[in-house]
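Have the sequence and the 3D view open as you read.

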Amino acid sequence: MKNVKILRNAKLIMTHLFLVFCCVVFAFPFLWMITNSLKTKDEIWAVPPQVLPAVPQWMNYSDVFKDSIFMRYMWNSMYTSILITAITLVTSAMFAYALTNIRFKGKNILFAVIMVTYIVPTAATNIPAYIILSKVKLIDTHFGLILSTCSSIFNIFYFRTMFMQISKDILGAARVDGAGHGTILWRIVAPMSTSSFMTLGILGFIGCYNSYVWPSLILRTKSKYVISIGLQLFFSTDGAYGLKWGTIMASCCVTIFPLLLLFFIGQKWIMNGITSDSGVKA
Amino acid sequence: MLHRTSVKENLYGWMFVFPALIVLVVFWIWPVADSIYLSFTDWDMIAPTYKMVGLKNYVSLLGSNTFKQALTNTFVFAVGVTVPTLIIGFLIAVIMSHASFGANFYRTIMFAPYITPMIAASIVWSWIYEPRVGILNFLLNSIGLPGSKWNQSMSSAMMSVVLVTIWKQAGYTMIFYLEGIRKVPSGLLEAAEIDGASPLQKLFHITIPMVSPTTFFLVIMSTIATMQAYDQIQVLTQGGPAGATRTVLYYYYQEAFSKFNTGKASAIALLLVVITVGLSLIETAVSRKTVHYER
């Protein structure tokens, strides 16, 4: 009996040792980024590598915050991501509401077309989308960026699945009482689906904030760059020769931090959204 | 009366789908159609005129070594990322499902890379890979293994890009497997245990078949995601050295937005669509024989 207990404990310890080891491996790049962001240039280039700086160089961070262009990129990313996310939420909820609660002609064809579009890689749309934006003089503008990205098929599918689960009786009763579709969507359906809005809001924001390719194609003026472009530019001009590695690491930290914070706060919704796989259930 | 409501309902329906639909039509559906058209031309994005060249772009692509190399790279990258990501994610999930406490904490840490901006993560990794003073070579040397030039040499560049991607994706597959394993009926496992099944037998005969729908879903998702990988290549290798990490997607962006070969680039994009859809169909066909669905 005692042996069984020892065996069980040994197993438990092994399990946790393994998991802690995995965590260290996964978290290592973050930890390495943080310690390097606090090192002097000599410490960064030291052989063998030094784990911790002798004196934390907070200077690297004040350099980042004092760099007005970096803060500008940060602001550009923040406000465009928030606007894109918010607009996408509204348009997708309306679309999904129409699919689930309004009887109109062409609905089935519409749904099929959207389904097919979902599997097409973004790359296949880039050149023509770029040409359209330049024709209407919206290339190199934040408005163009927002306009071209403010709809999401994933969101539509997700909302559709969630809205289908809402009892038709409640909505029918509201219709009988004379409520219009707008009222039903925003006064009844939306308040009943707050967690879907949270999930898609957080996932959407993360997606926008992290996106790089499309913004880098259409934004040309330096002051209009978003953070991912700014960071890449900073890295390729100052990083290659190792001139400002401490500052580069500090700016990576500053870039990643808001997202990690959002992730820790919104974890519940993120996990729900990811594993619900409503995006694939037609 | 009935007729009037249905007209009104039609109007409402289209009104509600309009805002999202207009964006999708202008920036997604129409561009795909336009890409197909452009792929039959020799346009360079600047000249006011262009010629129709028929299938020339496709023929020259399919015969070119650059495209063949890109195709091979894409395939190596997709397999090199998908297989380890699934195995690592599954292993961690299996072991984590035995942890009576702390699972939430472990899960959070291991999922964090997935939400990190790829550009920032790749920059940090480029410093970890640094051949002379990077920590990775130092760690390898300290356990007696030889270092590598990682993203700076032709032979290891692909490996470097693959490693970063695995690091970023493994937490995502882990989350799905955790969910899949949780849904395995415990009665089945208990019955097997009473029949004297070893833990490995239970793993291979119950857990793995029971999570096969998750595996199938993840294979498809991972295939699509690897076809779209760009940021890490841009930061770490720019498709080099000597095209060693140039995937079909990266090749497309080089042709489209640095060389402005619009016709050729459109043809690459459409071949990428064909490859993605084709692979998904093959995987679906394979899954018919191997995936076990609850009935």
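## A helix in chain B

This is a predicted model. Start with helix H5 of chain B, residues 118-129: its twelve residues reach 16 Å from first C-alpha to last, close to the 16 Å expected at 1.5 Å a residue.

Now check its surroundings. Twelve of the twelve residues of H5(B) are buried, so this helix is largely enclosed by the rest of the structure.

## The largest nonpolar core

B:Val124 turns up again in the largest nonpolar core, which has 139 residues. Together with A:Cys252, B:Tyr252, B:Ile268 and B:Leu272, B:Val124 touches the most other members. Helix H7 of chain B (residues 157-182) gives the most to this core, with 13 residues. Over in chain A, domain 1 (2-37) and domain 2 (67-275) both give residues, so the core lies between them.

## Where the chains meet

How many residues of chain A are in contact with chain B? The count is 71, against 73 residues of chain B. Helices of chain A that each supply at least two residues to its side of the contact include H1 (2-37), H4 (68-101) and H14 (245-275).

Key: Residues are numbered from 1 along each chain as its sequence is written. Chains are lettered from A and ligands numbered from 1 in the order in which they are written. This is a predicted model: local features need pLDDT of at least 70, side-chain atom pairs count only at pLDDT 80 or more; totals for chains, interfaces and linings use all residues. Two residues are in contact if their C-beta atoms, placed from the backbone, lie within 7 Å. Helices (H or I, at least four residues) and strands (E, at least two) are DSSP runs, numbered from the N terminus. A nonpolar core is a set of buried Ala, Val, Leu, Ile, Met, Phe, Trp, Tyr and Cys residues joined through C-beta atoms within 7 Å. A residue is buried if 20 or more other C-beta atoms lie within 10 Å of its own, exposed if 12 or fewer, and partly exposed in between; C-beta atoms are placed from the backbone. Domain bounds come from an automatic or database domain assignment. The expected span of a helix is 1.5 Å times one less than its number of residues.
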